[in-house]
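Let's take a friendly walk through a protein model together. Have the sequence and the 3D view ready, and follow along from one region to the next.

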Amino acid sequence: MDFQVVVLAGGNSKNLTPLVSKELPKPLLPVANCPVLNYVLHQLEQSNLKDLIVVVEGEDAALLVGAWISGTFIDRLHVEIAAVPEDIGTAGALRAISHHLTAKDILVVSGDLVSDVPPGALAATHRRHDAAVTTMLCSIPVSGPLESGSSGGKDKAKKLGRYNIIGLDPSKQFLLHIATGAEIEKDARISKRILHAVGQMEMRSDLMDAHMYAFKRSVLQEVLDVKDTFQSLKEDVLPYLVRSQLKSEALLNRTPQGEENSTEKVSSQNNQAFISRILANASTPSFHGIYSENPDGSSSTRKTHKCCVYIASSSSYCVRLNSIQAFMDINRDVTGDADHLLSPNNIIGPSPKLGTKTTVGPNCRLGEGSEMGDKCQVKRSIIGRHCRIGSHVKVVNSVVMNHVTIGDGCIIQGSVICSNVQLQERVELKDCQVGAGFVVTAGSEYKAESLAKKEK
Amino acid sequence: MDPRRTARTVSDPKVRQVGFFTPAPPERSISDPPRFQDPIQPPSPSPTQVNDHSPSGNSLSPVMIPPAHHHSDNFLRTALQVTSPTKAFSYSAKTVTIPPENEDVASSFSPGRKVVSAKSPSSFPGVKASSVPASELTTVSVVNLPPGISEKAGGASVEVQNDRPVSAKTLKEKTSKAERRALQEAQRAAKAAAKAEGTKASSAASKVVTSANTKPSKAAKSSSQKNDGSQVAASEKKGGDRAPEKDRKKDAPHPRMQYDDKSRVEKAKKRAVVKQTEARNRVELFRHLPQYEHGTQLPDLETKFFELDPMHPAVYKVGLQYLSGDIRGGNARCIAMFQAFKEAIKDYSTPPEKTLIRDLTARISSYVSFLIECRPLSISMGNAIKFLKNRIAKLPLALSESEAKSTLMLDIDRFINEKIILSEKVIVKHAVTKIQDGDVLLTYGASSVVEMILLHAHELGKHFHVVVVDSRPKLEGQLLLRRLVRKGLSCTYTHVNAVSCIMQDVTRVFLGASSVLSNGTVYSRVGTACVAMVAHAFRVPVLVCCEAYKFHERVQLDSICFNELGNPDAISKVQGREEINYLDGLVNQENLQLLNLIYDATPSDYVSMIITDYGMIPPTSVPVIVREYRRDHLWS
């Protein structure tokens with residue numbers, strides 16, 4: 001279908017410390033015992049998109065991700081890994097690989113998207129409107145209805161909760177205004193030209209940008225070339241394209257002229273114009289078309305491009321893993337309501353050894369080779385592979401990654417415990433994140449703290 | 001032609017007594033036929049005539065031995081491969097063209113086999129290059145494809161899918177002669193039965209089909225079926241390696257499938273690309289037409305965007321646009337379709353062991369059936385497709401692939417230019433002579449030709465007034481009105497309800513048409529018949545403007561046999577007026593049937609003149625045009 005897929009997998013995310021580390025880059029962060037990148041790749045594979053470019057920040061991370069992909073998706077996907085320097089942003093990452101982009105349209109997916117919205121729907125909308133950019137919007141997930149509630153240490157996560165203000169046209173097909181994150185503090189500035197052309201704008205704050213875009217390649221490359229200060233797709237490139245949709249510079253429309261054949265006589269050019277007029281008259285004009293018309297009805301030289309949206313239906317699941325809270329939510333949902341997202345290669349291994357009187361509640365997932373002692377309780381939690389859990393341990397609403405040792409009598413609530421952590425006896429953790437390799441001493445009690453090994 | 005002609009034939013307005021909303025009592029239909037046999041005397045073409053210009057299969061030479069141009073084909077393919085290095089790069093480890101520092105990675109892939117490297121991080125030397133401009137890609141996972149794939153220049157995964165069955169070829173060929181024979185027999189029997197049933201159904205539905213009329217339609221149908229059949233047979237003879245397309249083609253729904261025939265509908269459903277849920281309350285009288293829940297097709301098709309491998313993106317896009325109503329109008333749909341086909345032909349490359357002529361025909365057929373699923377074909381499109389297939393079949397065998405493709409693309413361009421654009425210009429030239437100063441012209445809906453006529457007359461400095469009559473739910477007239485007013489024409493806008501009031505002042509009615517049938521019936525946007533009848537009652541001449549490529553040899557007496565049903569929601573809801581919600585909750589009631597017809601048929605008695613690219617003709621001369629047109633252009 002002439003689409004090229006770029007997965008922006010990211011690298012080390014600051015929002016997710018201490019969960020991610022050098023050894024465990026963000027794309028490999030396990031969600032229900034399965035790296036988060038797997039969800040995106042699996043979904044793309046389902047859609048028959050087997051040619052991917054995965055962009056990873058940082059070389060070490062790229063090596064790790066590459067090794068994982070080649071181990072998991074061998075013979076199933078054709079994946080190329082590109083390593084880009086850290087902190088160049090999403091736009092920078094695309095700029096770095098832009099000379100590898102050749103297809104007519106580029107589908108850009110964030111590697112941390114856990115969703116069941118088929119990418120084909122976005123692509124189809126993009127093609128149908130012949131848009132410069134199409135973005136997927138989904139309703140903002142209800143975050144954190146955990147019993148424990150999100151408090152204290154999650155301030156950071158809360159502040160970063162993505163607030164979007166999105167302006168749509170009445171038919172809900174075109175994007176007229178988008179402001180994300182920090183911009184909201186300021187007054188919203190809406191182009192008068194756009195407002196005038198459309199006549200009516202619907203402002204929504206219940207939608208968020210799912211970070212799945214379809215770009216026209218020529219447009220994307222031009223923008224990245226010309227605006228070399230742009231860092232982020234979401235905060236720079238997309239708003240720029242939306243703002244300039246009615247005064248789009250000639251650069252955005254250069255390709256159609258290039259496509260026309262070189263050997264054209266005047267008559268055939270007339271015919272071309274004729275055909276395009278028939279086609280244009282036959283379709284219901286979008287406001288772009290009406291705007292670019294001169295008052296006398298002839299099409300003018302005003303250049304426009306379309307910014308379309310695909311709004312995922314409210315029944316579909318679509319969340320980005322970009323904060324610890326989101327991480328918890330996704331873990332909960334994936335084992336609970338949205339368990340259809342779990343790809344088949346994620347079936348639980350040989351069932352773990354359980355001690356006597358140990359109960360494992362619903363919506364739990366236990367990795368292979370984990371051992372649990374007597375009289376343990378596990379509720380709504382995920383426990384990774386090869387964990388050793390002592391007796392009288394209570395794990396509620398938590399995520400325990402691989403190779404974790406938990407001593408007797410620990411109580412863990414609403415926490416994330418990374419790989420190779422050692423919890424000694426009678427540790428009580430509530431709403432904590434424990435970084436990889438950390439050792440929690442016996443009898444300690446923590447509440448809403450983030451524990452991690454000191455950087456050397 | 002005398003504009004104020006006296007009422008020629010019709011003494012009483014022919015009101016069809018067809019039970020629209022009551023399930024038709026069977027005994028009525030017995031009493032009806034005599035009433036309907038006499039009034040219209042269609043100059044129905046005699047059967048010999050029909051045979052004369054029907055395709056009758058002779059245009060397709062039975063078996064064609066591929067000439068030895070495979071060699072040049074291969075040559076071309078490899079040449080193409082060279083010109084698209086990125087594609088080659090992404091497909092196989094054999095042809096990796098990564099810059100030198102990556103060479104050890106590349107060489108460690110054994111071609112076409114599993115990736116050996118990339119197990120340990122140390123085997124990624126290429127990743128080092130991490131400065132912003134030159135980031136290199138490292139292939140970490142390769143799909144294990146059969147080695148032939150890497151030779152594909154077209155590159156799309158289309159070929160990936162199509163190629164696999166080649167290995168199954170030998171298996172399939174082993175079916176014994178007897179088996180094949182039996183299969184053929186069964187198919188033939190099924191076809192005959194279906195045909196009988198089909199005609200029965202259509203006659204039952206229309207209740208007015210006289211014996212004279214069934215003949216040509218049947219002849220046409222059988223000939224077109226024969227057409228299909230002969231192609232299929234020929235391809236079967238060639239060898240059973242025609243993979244999915246053949247299946248698609250064989251069961252491709254007949255453009256006029258009878259949707260009340262359950263077995264056929266089931267069959268069509270199995271193969272359909274677009275999943276369609278049938279409407280719950282189907283209008284009784286129109287059961288033979290596809291009635292689907294609207295609004296369910298688009299999202300479903302969208303989700304399958306990447307899964308429809310054999311579909312060319314351009315064709316897919318056009319299909320989506322048909323489905324969503326982004327493109328409408330006979331000419332526009334036809335042009336859009338042909339442009340998409342042109343793209344598809346440009347990207348086409350003959351698979352190995354196939355001939356271009358047959359494979360491309362099958363390919364086009366699969367595209368067409370996809371488009372039919374998106375929206376039923378218009379007659380203009382049907383004619384255009386016939387033209388294209390004929391051109392493909394007529395390609396000289398000696399032509400190389402690139403030559404054949406360029407010939408076809410030129411043919412498509414020629415068709416668009418000559419049959420659509422030039423003929424519109426000619427029609428405008430003719431029609432403008434009929435507009436005089438002080439005229440009040442009425443038009444209905446939005447016809448591209450009529451719009452051009454009006455604009456041209458305005459440019460010539462004629463002073464006239466335009467009445468644009470419109471109707472819900474499409475309100476296409478508003479778009480036309482907008483363009484006319486912008487050009488400075490003086491216009492009146494009204495809805496079809498008021499047409500009898502405004503008709504007094506009108507001096508001429510200009511109408512567009514979706515098709516003109518050989519008995520002079522004008523098949524056009526629903527409401528046209530009403531406008532024409534009112535005009536006739538007021539003795540206002542009705543001029544129908546229609547390009548000759550939209551003419552069809554079919555005979556149709558009413559708008560029931562063949563029609564298209566639109567979205568019933570469109571008539572039950574009023575956009576922008578939420579307070580009109582009287583039908584809310586009633587839509588799914590058993591005893592309510594919503595009918596939103598798209599087309600209607602205007603009997604020739606209400607048409608004073610048809611303006612076409614061959615000049616201005618009375619509706620009785622349509623068969624002549626149909627015949628001459630076929631002979632001159634389609635079958636030459």
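Helices (H or I, at least four residues) and strands (E, at least two) are DSSP runs, numbered from the N terminus. Before going on, please note that this is a predicted model, in which local features need pLDDT of at least 70, side-chain atom pairs count only at pLDDT 80 or more, and totals for chains, interfaces and linings use all residues. Residues are numbered from 1 along each chain as its sequence is written, chains are lettered from A and ligands numbered from 1 in the order in which they are written, and side-chain values use heavy atoms, leaving out hydrogens and water.

**An enclosed helix**

Is helix α4 of chain A, residues 119-129, enclosed or open? It is largely enclosed by the rest of the structure, because 11 of its 11 residues are buried. Buried means under 20% relative accessible area, exposed over 50%, and partly exposed in between (1.4 Å probe, protein chains only). Among the buried residues of α4(A) are Pro119(A), Leu122(A) and His129(A).

**The nonpolar cores**

A nonpolar core is a set of buried Ala, Val, Leu, Ile, Met, Phe, Trp, Tyr and Cys residues joined through side-chain atoms within 4.5 Å. The largest one has 108 residues, and Phe338(B) and Phe510(B) are among those that touch the most other members. Helix α18 (residues 401-432) of chain B gives the most to this core, with 12 residues. The core lies between domain 1 (296-419) and domain 2 (434-563 + 598-635) of chain B, because both give residues to it; these bounds come from an automatic or database domain assignment.

Leaving aside neighbours within four places in sequence, Phe338(B) is in contact (heavy atoms within 4.5 Å) with residues including Ala384(B), Leu388(B) and Phe415(B). Another core, of 63 residues, lies apart from the largest one and includes Tyr39(A) and Met401(A).

**A buried arginine**

Arg363(B) sits in helix α16 (residues 356-374) of chain B. Its relative accessible area is 6%, so Arg363(B) is buried.

**Paired strands**

Two strands pair if DSSP finds at least two bridges between them.

| Strands | Bridges | One facing pair |
|---|---|---|
| β6(B) (residues 515-517) and β7(B) (residues 522-525) | 2 bridges | Ser515(B) and Tyr523(B) |
| β7(B) and β10(B) (residues 599-602) | 4 bridges | Ser524(B) and Asp600(B) |

β6(B) and β7(B) form a hairpin with 4 residues between them, and Gly520(B) in the turn has a positive phi of about 90 degrees.
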